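I opened this entry to keep track of what I looked up, going from the overall layout down to single residues.

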Amino acid sequence: MLRQKVLALYLANSALDAVVVGWSLWDGTGETRRMAGDEDAPPYPTGLHALRDGWRLIQASPLLPHARGEEFDLAYLKYEFLFEQIVETRP
Amino acid sequence: MNDLPLLSAETMASFAARGFLRFDGVVPEEINRQFLEEMGDIDPPRPGQKMRRTYGEMLARAGVPQTPAGAPLAQAYPDGSALKRLLDLPLVAGAIRSLVGEDPVFDHHFLHVTFPPAYHEASGGENVSQHYHQDSTIDPRRAFDIQIMYYPHTVTREMGGTRFLPGSHLRKVSEAAIARYQNIRGQQHMVCEGGTLLFLHSGIWHGGGVNVSDRTRTMFKVRINPSRSQVRQFDVSTLKPQETQRPIFYLKGPLPPSVEQILMTPEPWHENDTSRLELLNRVKLWRYLTGDPDYDADYWATRLETLADA
């Protein structure tokens with residue numbers, strides 16, 4: 001059976017080799033159960049390190065223009081990169 | 001009220017920059033003990049009983065009044081109760097006054113109990129941490145509420161502790177929309193001795209940690225609104241006027257400690273570009289708290305507000 005692992009990395013800017021500032025991992029194999037607050041050091045220094053470790057990039061957040069009058073409003077982490085690994089598991 | 005120990009300008013600046021103040025072990029043990037006695041015992045785990053029922057029974061029994069939202073904070077708790085005594089502690093009353101001003105208003109409170117694995121096993125549920133969230137709703141105000149988190153007993157790392165992200169309070173997000181973020185650089189966990197208080201700006205991102213110890217973890221939260229001005233409520237005698245802007249970028253050495261230094265210190269999770277907007281938003285909050293519409297630190301606002309004399 002094939003199962004998916006999904007890694008979300010939040011980087012310090014839009015370049016994939018920028019520093020990781022936030023991260024999440026969901027393991028579709030069921031071997032690990034990751035959750036909020038379970039790790040205080042990032043799994044990789046940068047997004048590029050994740051690529052080198054075999055993670056496949058499947059989505060990157062777009063760069064959007066800033067709406068006039070809202071240029072200084074901040075909300076969600078801006079540079080989100082989603083990666084996957086497809087893993088063979090035993091039924 | 002004038003004798004209250006108000007927050008200093010530097011402590012207030014730290015709150016403006018980071019969105020929290022932590023006071024370790026400041027609640028006397030006698031009040032901690034009284035509080036836990038008033039909350040009552042928690043039943044041991046019962047096979048098949050859902051956590052919702054366990055929690056509901058506990059809340060019904062606990063000696064916390066069902067206070068209406070919008071009541072004056074001064075009338076929220078009966079005289080002599082542990083919570084009234086806690087709020088009347090000079091350090092606590094002074095911090096509340098400094099942060100939300102005179103005549104603060106009770107918003108809501110809650111008894112947070114995090115259960116050890118045995119309860120979840122008995123209920124058939126999963127023992128997981130709480131997602132990151134910002135309380136209430138999207139909050140576009142410059143004004144802010146505070147939330148006091150009270151830890152009446154020692155909290156170890158195994159017991160979970162409240163997780164929060166310093167400096168996240170100025171981000172306008174919608175409650176659990178941030179749940180996707182499991183971990184963020186610089187996040188902190190409340191591992192503390194009994195009698196510790198954590199004052200939070202209402203915008204701080206936070207979540208309860210998973211309890212993998214063998215005992216319950218209790219935390220009491222009360223949210224407080226301002227009803228009057230939040231301007232210059234801290235100890236303004238400690239506020240040193242900034243005579244000139246500090247030099248920026250090209251520095252020959254470290255600059256001396258100051259309110260500006262506190263306001264301009266970034267967090268480990270800051271993105272490269274939005275970090276500068278965070279600093280600008282801190283300047284705006286400091287203008288609000290000091291009533292000084294022209295205040296700036298490190299030229300972030302001045303640069304944008306200086307009009308060319310065309």
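The notes below follow the order in which I went through the chains.

**Layout.** I am working with a predicted model, and I began with the division of chain B into domain 1, residues 9-225, and domain 2, residues 240-305. Taken over C-alpha atoms, the centres of domain 1 and domain 2 of chain B are separated by 30 Å. I then looked up the contacts between them and found 15 residues of domain 1 of chain B touching 14 residues of domain 2 of chain B. On the domain 1 side, H1(B) gives the most, with seven residues, and by class this side has nine nonpolar, three polar and three charged residues.

**The sheet of chain B.** Next I traced an open sheet of five strands in chain B, whose order is S1-S7-S3-S9-S2 and whose pairing is antiparallel. Which strands stand at the edges? They are S1 and S2 (105-114) of chain B, and because each has a single partner strand, one side of each is left without a neighbour in the sheet. On average, and with direction ignored, neighbouring strands here are turned by 15 degrees against each other. For the pair S2(B) and S9(B), which run antiparallel, I noted nine bridges, and within S9(B) the residue opposite Phe110(B) is Lys221(B).

**Helices against the sheet.** I found helix H1(B) lying across S1 and S7 of chain B, at about 125 degrees to S1(B). For helix H5 of chain B, residues 90-100, I listed the buried residues as Val92(B), Ala93(B), Ala95(B), Ile96(B), Ser98(B), Leu99(B) and Val100(B). An α-helix has 3.6 residues a turn, so residues three or four places apart point the same way. The elements that the buried residues of H5(B) pack against are the helices H1 (9-18) and H4 (82-88), together with the strands S1 (20-23), S3 (146-151), S7 (196-201) and S9 (217-225), all of chain B. Just after H5(B) I checked the backbone and found that Gly101(B) takes a positive phi of about 85 degrees.

**A loop residue.** I stopped at Met190(B), which sits in the loop between S6 (188-189) and S7 of chain B. Is Met190(B) buried or exposed? I count it as buried, because it has 22 C-beta neighbours inside 10 Å, where the cut-off for buried is 20 or more. Setting aside neighbours within four places in sequence, I listed its contacts as Tyr151(B), Val155(B), Gly161(B), Thr162(B) and Leu198(B). I also recorded that Met190(B) and Arg163(B), although 27 residues apart in sequence, have their C-alpha atoms 6.4 Å apart.

**Between the chains.** Last, I turned to the interface, where 24 residues of chain A are in contact with 31 residues of chain B. Strands S1 (2-11) and S2 (20-27) of chain A each supply at least two residues of the side that touches chain B, and S2(A) gives the most to it, with four residues. By class, the residues on this side of chain A divide into 14 nonpolar, four polar and six charged. Which residue of S5(B) is the bridge partner of Gly22(A)? I noted Ile184(B).

Terms used. Residues numbered from 1 in each chain as written. Chains lettered and ligands numbered in written order. Predicted model: local features only at pLDDT ≥ 70, side-chain atom pairs only at ≥ 80, totals over all residues. Buried ≥ 20, exposed ≤ 12 C-beta atoms within 10 Å, placed from the backbone. Contact = placed C-beta atoms within 7 Å. Nonpolar A, V, L, I, M, F, W, Y, C, P; charged D, E, K, R; others polar. Pairing = 2+ DSSP bridges. Axes fitted to C-alpha atoms, helices over the stretch in contact; angles between N-to-C directions. Domains from an automatic or database assignment.
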